[in-house]
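Here is a short report on one structure. The sequence and the model come first, then the notes.

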Amino acid sequence: MHLVVLGAGALGTLFGVKAWEGGARVTLVAREAHARAINEKGVFLTGPLGGDRYASGEGLRAVTDIAQVEGDIDYLLVTVKDKDMATALESVRPVRDRVKTVFSFQNGITHEERLAEVFGWEKVIGGVTIEGADMPAPGVIEYALASTSYFGEFDGSRSERVEALAEVFRRGGMSIETITEIKVAKWTKFVQICAASGVCGATRLGYAPAVRTLAGAQLYVHMVKEGVAVMRAQGLEPGNYFINVARIKEVGNLPLVEAVELVRTMAEALYQKGFHGNTSLARDLERGKKTEVDALMGTMYRIGERLGVPTPTVRAVYWTIKAADEYAR
Ligand SMILES: NC(=O)C1=CN([C@@H]2O[C@H](COP(=O)(O)OP(=O)(O)OC[C@H]3O[C@@H](n4cnc5c(N)ncnc54)[C@H](OP(=O)(O)O)[C@@H]3O)[C@@H](O)[C@H]2O)C=CC1
Ligand SMILES: CC(C)(CO)C(=O)C(=O)O
């Protein structure tokens with residue numbers, strides 16, 4: 001199996017390494033400094049779950065342009081951020097016909113449609129994850145949080161291509177489930193990440209440090225409940241996904257006070273385990289970069305508006321972060 005990761009930064013490099021350790025040949029399409037570091041020394045995995053070790057060897061290499069990739073691309077994993085999606089999709093045109101299957105772990109809910117515009121729906125499968133990674137320097141991946149990741153076909157069927165992909169990541173040591181309701185899993189993560197990024201972005205604290213406080217937990221729960229209402233207005237019910245990190249279904253169903261208690265208890269447990277980090281969007285804010293606020297809270301409140309579902313908290317947090325975003329590089 002040949003897996004190509006387009007936009008190998010924090011998350012894409014982590015999954016690339018895991019697939020390589022699971023037996024796949026992996027090509028990472030990355031920025032120049034990161035690609036050079038990988039080709040010279042390999043990927044250094046650090047952080048609470050990284051093990052302070054290098055992953056390097058035959059079958060794991062990096063390039064700076066997808067046009068340099070040779071041979072068939074059995075799976076293309078797209079992990080650029082939303083702001084880079086248009087350029088990334090333009091860059092795949094020379095290899096498009098060699099791509100057999102494509103998926104993305106981007107946070108948000110609209111990227112598969114964009115993949116389908118280029119590759120056709122028949123090549124697109126769904127993937128969603130709450131593995132947490134950062135890239136503090138070229139060649140270095142900080143692995144901070146593990147959960148279960150999910151794969152599935154959008155038509156709800158079971159397929160060999162989904163099972164084979166899941167198996168490679170499992171062999172690489174990850175927890176993976178294949179499911180028939182990938183749209184529900186993606187929406188459940190969408191609700192979670194809008195709330196988690198909203199809390200981290202607005203408070204400038206890490207996820208667990210913020211949500212273990214009463215005010216942080218209240219902000220998180222209000223955002224989750226609004227997101228769940230937007231899901232329900234489309235006939236989608238949150239599922240029991242990512243339950244070591246987020247119990248979106250329960251938070252959606254419980255009365256406010258109990259939901260706040262539940263998320264504070266969960267955040268406290270993550271905090272005690274040493275997960276003090278924030279989300280990918282909050283790290284972009286810290287670094288003065290453009291964020292995914294429009295793909296996350298912006299999209300959530302606009303869908304809510306279209307469906308007649310009030311999302312006052314999501315919207316206020318959107319404006320808070322958008323103000324900083326507009327000043328970003
Ligand atoms: N990190 C995490 O823990 C998680 C992230 N996600 C989601 O996954 C996606 C990726 O996040 P993350 O890995 O943190 O982001 P990163 O910024 O670390 O990774 C994306 C990388 O792609 C590079 N890039 C952009 N365009 C191209 C291109 N055309 N060719 C090659 N490289 C390119 C970027 O370079 P440059 O910085 O120079 O633009 C960057 O290095 C986001 O949508 C995020 O929301 C989901 C779950 C967890
Ligand atoms: C932090 C994490 C892993 C979970 O909220 C995430 O999904 C992100 O950073 O985008």
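## Helix α12 and R302

R302 sits in helix α12, which spans residues 294–307. Helices here are DSSP runs of H or I with at least four residues, strands are runs of E with at least two, and both are numbered from the N terminus. R302 counts as partly exposed because it has 16 C-beta neighbours inside 10 Å. The cut-offs: buried means 20 or more other C-beta atoms within 10 Å of the residue's own, exposed means 12 or fewer, and partly exposed is in between, with C-beta atoms placed from the backbone. Between the C-alpha atoms of R302 and I193 there are 16 Å, and 109 residues along the chain.

## Basis of the model

This is a predicted model, in which local features need pLDDT of at least 70 and side-chain atom pairs count only at pLDDT 80 or more, while totals for chains, interfaces and linings use all residues. Residues are numbered from 1 along each chain as its sequence is written, and chains are lettered from A and ligands numbered from 1 in the order in which they are written.

## Annotated spans

An unreviewed UniProt entry gives "domain: Ketopantoate reductase N-terminal" for residues 4–155. That span is 25% helix and 34% strand, with its end C-alpha atoms 24 Å apart. UniProt also lists "domain: Ketopantoate reductase C-terminal" (unreviewed entry) at residues 182–323. Here the content is 73% helix and 0% strand, and the end C-alpha atoms lie 33 Å apart. UniProt positions follow the numbering used here, feature names are shortened, and annotations may be inferred rather than shown by experiment.

## Strands β2 and β5

Strand β2 (residues 25–29) pairs with β5 in the parallel sense, over 4 bridges. Pairing requires at least two DSSP bridges between the strands. V26 has L60 in β5 as its bridge partner. On β5 (residues 60–63), L60 and A62 form the covered face, and R61 and V63 the uncovered one.

## Ligand 1

The shell around ligand 1 has 24 residues, and G7, G9, L11, Q106 and N107 come nearest. A residue is near a molecule if its C-beta atom, placed from the backbone, lies within 6 Å of it. α1 (10–21), α3 (85–91) and β9 (132–137) each supply at least two shell residues.

## Ligand 2

Around ligand 2 are N107, I130, G132, L145, I193, A196, T279 and S280. Ligand 2 lies between domain 1 (2–180) and domain 2 (184–326), because both give residues to its shell. These domain bounds come from an automatic or database domain assignment.
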